[in-house]
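Student: I have a new structure open and would like to learn how to read it. Could you walk me through it step by step?
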Amino acid sequence: MTMQAASTEIASRTAAIIDEMKGLEGPLLPILHSIQEEFGYVPKDALPVIADGLNLSRAEVHGVVSFYHDFRAKPARRHVLKLCQAEACQSMGSDAVAAKVKQLLGIDFHETTRDGSVTLEPVYCLGLCACSPSAMLDGEVIGRLDDEKIEEIVAEVHS
Amino acid sequence: MNIKADFPTLIEEIDYGTPESKATKQVTLTVDGQSITVPEGTSIMRAAMEGGVEIPKLCATDMLDSFGSCRVCLVEIEGRGGTPASCTTPVGEGMVVRTQSERLDAIRRGVMELYVSDHPTGWNEKAGTGASEFDAVAKSVGLVENRYGTEGRNHVKDDGGVAPGHGSLAVDYIARDESNPYFTYDPAQCIVCSRCVRACEEVQGTFALTIEGRGFESRMVAGMHEDFIASECVSCGACVQACPTDALREKTVLEKGMPERSAVTTCAYCGVGCSFKAEVKGDEVIRMMPYKDGKANHGHSCVKGRFAYGYATHKDRILSPMIREKISDPWREVSWEEAIAHTAKEFRRIQYQYGRTAIGGITSSRCTNEETYLVQKLVRQGFRNNNVDTCARVCHSPTGYGLGQTYGTSAGTQDFDSVEYTDVAVIIGANPASAHPVFASRLKKRLRQGAKLIVLDPRRTEMVKSAHVEADYHLPLKPGTNVAVLTALAHVIVTEGLFNEAFIRERCDWAEFQDWASFVALPENSPETVGKLSGVDPEAIRGAARLYAKGGNGAIYYGLGVTEHSQGSTTVMAIANLAMATGNIGRPGVGVNPLRGQNNVQGSCDMGSFPHELPGYRHISGEAVRDIYESLWGVKLDDEPGLRIPNMLDAAVDGSFKGIYIQGEDILQSDPDTKHVAGGLAAMECVVVHDLFLNETANYAHVFLPGSTFLEKDGTFTNAERRINMVRKVLEPKARYADWEATQELARAIGLDWNYTHPSEIMDEIAKTTPSFAGVSFELLDRVGSVQWPCNEKAPLGTPIMHVDGFVRGKGKFIRTEYVATDERTGPRYPLLLTTGRILSQYNVGAQTRRTDNVAWHAEDRLEIHPHDAEVRGVREGDWVRLASRSGETTLRALITDRVSPGVVYTTFHHPDTQANVITTDFSDWATNCPEYKVTAVQVAPSNGPTDWQKDYNEQARQSRRIAPLAAAE
């Protein structure tokens with residue numbers, strides 16, 4: 001489990017990321033992704049540092065971060081499982097998939113299992129409509145979910 | 001004559017929905033059968049409004065670029081499918097537009113129905129004022145039902161009505177934010193149209209607001225979901241003005257209701273001179289609304305102008321004249337008649353006893369042109385001497401001198417609109433984001449469009465780096481080295497051949513240029529040499545010089561960091577030289593622009609407030625000029641210049657100057673070397689203070705005449721761009737007389753035959769006697785709004801840009817600017833350099849702003865000190881420190897920041913407790929005596945609390961402010 005970092009630590013690691021990526025065109029999103037990779041989430045203390053580094057206001061950075069559900073405000077659990085709930089997957093039975101996953105994990109969307117091993121989130125289209133219903137586990141996409149695959153996933157996140 | 005004495009109605013400005021197009025090509029279209037011709041690029045919404053057809057709208061307003069989010073302003077266009085938004089669709093030649101149809105009505109009603117389903121109490125009950133644009137649109141689209149109810153998930157109810165949030169935000173309802181003293185944010189009423197966010201970005205340039213989240217969870221928040229007061233918000237109020245609902249609303253409106261009538265007037269704070277509608281209900285100002293037709297501000301304002309008018313009704317205001325024998329006595333309230341008669345008698349006695357020149361007057365840069373003119377007239381015609389001076393002495397007198405010498409006029413060369421054409425802005429010794437916020441907003445807008453920026457300032461100000469602002473060059477020069485650095489810039493321009501030879505040959509004296517060029521080219525003026533003494537990187541000097549000379553339209557804006565030095569006048573000349581050498585004079589986008597500190601500094605200088613000048617900057621020694629006034633006033637004028645403020649104080653200490661009439665200035669707090677000022681005042685026998693409050697100077701006064709605020713009188717102010725703006729009376733003077741009337745009473749009491757019945761008659765006299773004002777009258781100002789002097793036969797509507805075809809003085813004059821280090825130097829005892837400035841929410845000595853809720857932002861003056869300097873002295877954040885110079889010492893709390901360089905400390909002078917001017921020395925500009933506020937060698941040490949001087953002073957102030965209780969009628 002990623003520990004929540006101390007604020008000075010956050011500031012210096014964030015500053016290093018900004019220095020590295022500042023020159024990119026449209027650097028804010030790449031920086032936020034790197035920060036999430038670095039800390040496992042986007043710490044609030046990183047936002048003023050980013051604002052200062054890119055000459056933006058705190059409000060602007062907050063607006064962007066809060067717009068994207070992918071940017072987490074708290075450290076992520078060991079695994080993040082995202083189930084696609086968009087139209088194509090729904091037509092291929094994602095509702096049933098979701099119900100089964102929730103039942104097996106004992107949690108609803110936006111919740112984390114009591115042992116902290118996995119966070120379950122809905123997602124609206126992974127661009128994998130041809131292989132509906134689909135999911136993403138820790139950044140890896142999985143297509144054509146069926147009962148077998150679901151059980152495999154659940155076993156993996158619990159291991 | 002009674003011009004606009006009454007104003008029965010509320011001025012409603014038309015909102016065209018989208019900004020004006022500046023295209024020259026015209027396009028004709030038909031809207032609802034009416035043919036309308038507008039510039040290309042105009043939106044359909046604006047075109048319709050120009051034809052008098054109002055299309056309902058929520059997210060559009062003409063201060064902001066179109067956005068197209070509310071879906072209320074839809075129209076039908078013949079030959080096109082669908083119902084495009086009229087705000088984002090530009091007009092086309094021959095286009096046929098319908099703004100009304102059954103389909104459109106149905107869509108608009110449908111959209112509004114959805115809005116009200118998530119709005120407090122619904123459309124037909126008054127959730128807020130009932131007078132918002134939202135309420136009006138709901139009515140105009142004929143909304144009669146809400147089929148969706150308000151029972152579902154919403155942002156409104158906090159007591160059981162909320163369906164549990166399903167997103168990352170746990171709750172949908174957010175409580176009201178009352179943290180800002182002037183306005184309320186009620187998220188429940190927000191419709192997420194983004195007008196506030198865009199106003200903060202596009203108009204104000206602060207970017208303090210954002211839309212948080214997405215979809216149903218989205219809502220406006222300040223900062224990172226912070227209280228407004230804790231966020232980056234600077235409380236300019238642009239968001240409140242932009243909000244179409246009551247989500248953002250002035251507290252005064254919520255408490256007292258909507259205003260009933262208004263008059264257009266001019267802000268009495270800084271030299272930007274913003275136009276406002278003073279909106280009144282009964283006899284109370286409800287709010288100040290920036291006026292879109294105001295040429296300086298175009299509908300924008302800062303926290304001071306819009307909100308900080310509470311001082312006008314503050315309980316500290318003195319409303320009755322008062323007199324006392326000795327300054328140790330308590331004050332005695334008297335009638336106006338007694339106060340005026342007493343003053344006249346005292347002045348006459350002093351002149352009889354000590355001579356004609358033993359009295360004088362000080363005009364105010366806060367009062368109107370008409371009032372200032374009368375005070376100098378009182379001195380010249382009534383006192384029969386030239387002992388008149390003004391507070392501009394302590395701020396911009398070097399501007400008058402320096403620009404007068406080089407160009408021939410004592411004023412800035414541009415209008416504020418000029419900044420829209422600037423490619424390279426140079427800011428020297430000024431922090432417009434704090435002191436001239438509305439101009440800063442306009443400059444920032446231009447910077448976001450790609451203009452370059454060079455800043456010369458010892459501090460890393462907001463203009464050097466803040467959201468969406470980053471100076472291309474920041475030259476953090478050591479205080480006191482302005483001339484050296486500016487001459488080094490000239491060195492680069494000359495030695496690298498970057499000067500504009502054609503311009504110089506045509507407009508200036510080539511031989512003088514050559515002499516100047518040979519001087520600046522000397523090795524001692526090279527960036528490498530100057531870099532050592534100023535602490536600025538030579539490469540930065542070279543880069544900045546190249547950018548200014550070759551970057552397109554270069555405009556210089558400067559403030560008191562230029563003038564308040566022992567070489568203030570020289571610095572102004574160095575600036576003038578740079579603009580001439582590069583040809584950056586005489587067209588839009590360029591020029592030399594002093595940012596004036598107070599509302600009427602320009603005007604008070606124009607009106608003959610200086611001891612050597614009659615109105616219009618004409619020297620008192622000129623016989624022809626004296627003739628004009630002598631024949632009109634029927635007296636012989638003294639042809640010798642009178643005493644300047646510091647000379648008056650010196651003379652008082654020497655015993656030859658005994659009486660003074662001070663209108664609207666607090667010299668004890670604002671002038672340098674407080675102890676010397678106090679000594680001078682204490683030596684006088686009749687000090688008359690004419691002010692709103694018992695200010696610090698009044699502690700030494702024998703007569704107090706209550707002043708009137710800008711809301712209580714008619715007149716004019718002249719802003720930094722020479723613009724003469726109308727000030728209109730919206731309230732009756734609380735203390736019976738407007739200031740001009742009080743001066744007139746005093747003049748009559750000493751035997752002058754003055755019979756002005758309205759300030760317009762005073763302006764008529766100014767126009768009659770002053771060539772640059774010849775065309776000015778209240779009638780003209782009423783008709784055209786404002787004019788920039790010179791306004792005369794040659795320029796009947798004024799002069800936005802000066803020196804267009806040639807310099808006023810003929811040929812522009814290059815003057816050598818040799819750097820002479822100030823005598824104020826650091827040494828072992830005083831190793832740090834103190835420089836002073838302002839912050840946004842406070843104004844000048846704070847007499848007004850300290851008496852408003854603006855203290856929420858700045859409750860005390862703090863000493864900014866670099867972490868290194870703090871550490872070696874054992875000073876921690878917030879510690880009390882002793883600040884000592886050769887002149888004196890004071891204490892205040894430390895603020896540790898790397899905005900100041902090591903070796904430099906900085907403070908403001910907004911609070912009398914701090915008395916920063918106890919520290920400043922009596923060194924001053926060689927030409928004009930403008931004090932050297934910006935450089936003082938000091939030492940800083942930890943301290944336990946206020947110094948003895950502060951304690952003694954506070955006790956003395958308390959004693960001298962006593963007012964004897966009125967004796968019961970016996």
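Student: What pattern does chain A follow when read along the sequence?

Tutor: Helices (H or I, at least four residues) and strands (E, at least two) are DSSP runs, numbered from the N terminus. In this predicted model, chain A reads α-α-α-α-β-α-α-β-β-β-β-α. That comes to seven helices and five strands.

Student: Before we go on, how should I treat the numbering and the prediction?

Tutor: Residues are numbered from 1 along each chain as its sequence is written, while chains are lettered from A and ligands numbered from 1 in the order in which they are written. As this is a predicted model, local features need pLDDT of at least 70, side-chain atom pairs count only at pLDDT 80 or more, and totals for chains, interfaces and linings use all residues.

Student: Which domains is chain A divided into?

Tutor: Domain bounds come from an automatic or database domain assignment. Here, domain 1 covers 7–67 and domain 2 covers 79–158. Their centres, taken over C-alpha atoms, are 29 Å apart. Along the principal axes, the C-alpha atoms of chain A fill a box of roughly 50 × 30 × 25 Å.

Student: How many of the residues in chain A are buried, as a percentage?

Tutor: A residue is buried if 20 or more other C-beta atoms lie within 10 Å of its own, exposed if 12 or fewer, and partly exposed in between, with C-beta atoms placed from the backbone. For chain A, 32% of the 159 residues are buried. In chain B, 58% of the 970 residues count as buried.

Student: What can I say about the overall build of chain B?

Tutor: Chain B has 29 helices and 36 strands. Its radius of gyration (taken over C-alpha atoms) is compared with a globule rule, 2.2 Å times the number of residues to the power 0.38. The value for chain B is 29 Å, close to the 30 Å that the rule gives for 970 residues, so chain B is as compact as a globular protein of that length. The box filled by its C-alpha atoms is roughly 85 × 85 × 65 Å along the principal axes.

Student: Which strands close into a barrel in chain B?

Tutor: Strands of a sheet pair through backbone hydrogen bonds, either parallel or antiparallel. Two strands count as paired if DSSP finds at least two bridges between them. In chain B, six strands close into a barrel in the order E31-E35-E32-E34-E33-E36, with mixed pairing. From one strand to the next, the twist averages 45°, where axes are lines fitted to C-alpha atoms and angles run from 0 to 180 degrees between N-to-C directions. As one example, E32 (residues 862–865) and E35 (residues 904–908) of chain B run antiparallel and are joined by two bridges. Ile865(B) has Val905(B) as its bridge partner in E35(B).

Student: How many residues are in contact between the two chains?

Tutor: Two residues are in contact if their C-beta atoms, placed from the backbone, lie within 7 Å. By that test, 20 residues of chain B meet 13 residues of chain A. Strand E6(B) gives the most to chain B's side, with four residues.

Student: Let's finish with a single residue. Where is Pro187(B) placed?

Tutor: Pro187(B) sits in the loop between strand E5 (183–185) and helix H4 (195–204) of chain B. It counts as partly exposed because it has 18 C-beta neighbours inside 10 Å. Not counting residues up to four places away in sequence, Pro187(B) touches His155(B), Ile174(B), Arg219(B) and Ala247(B).
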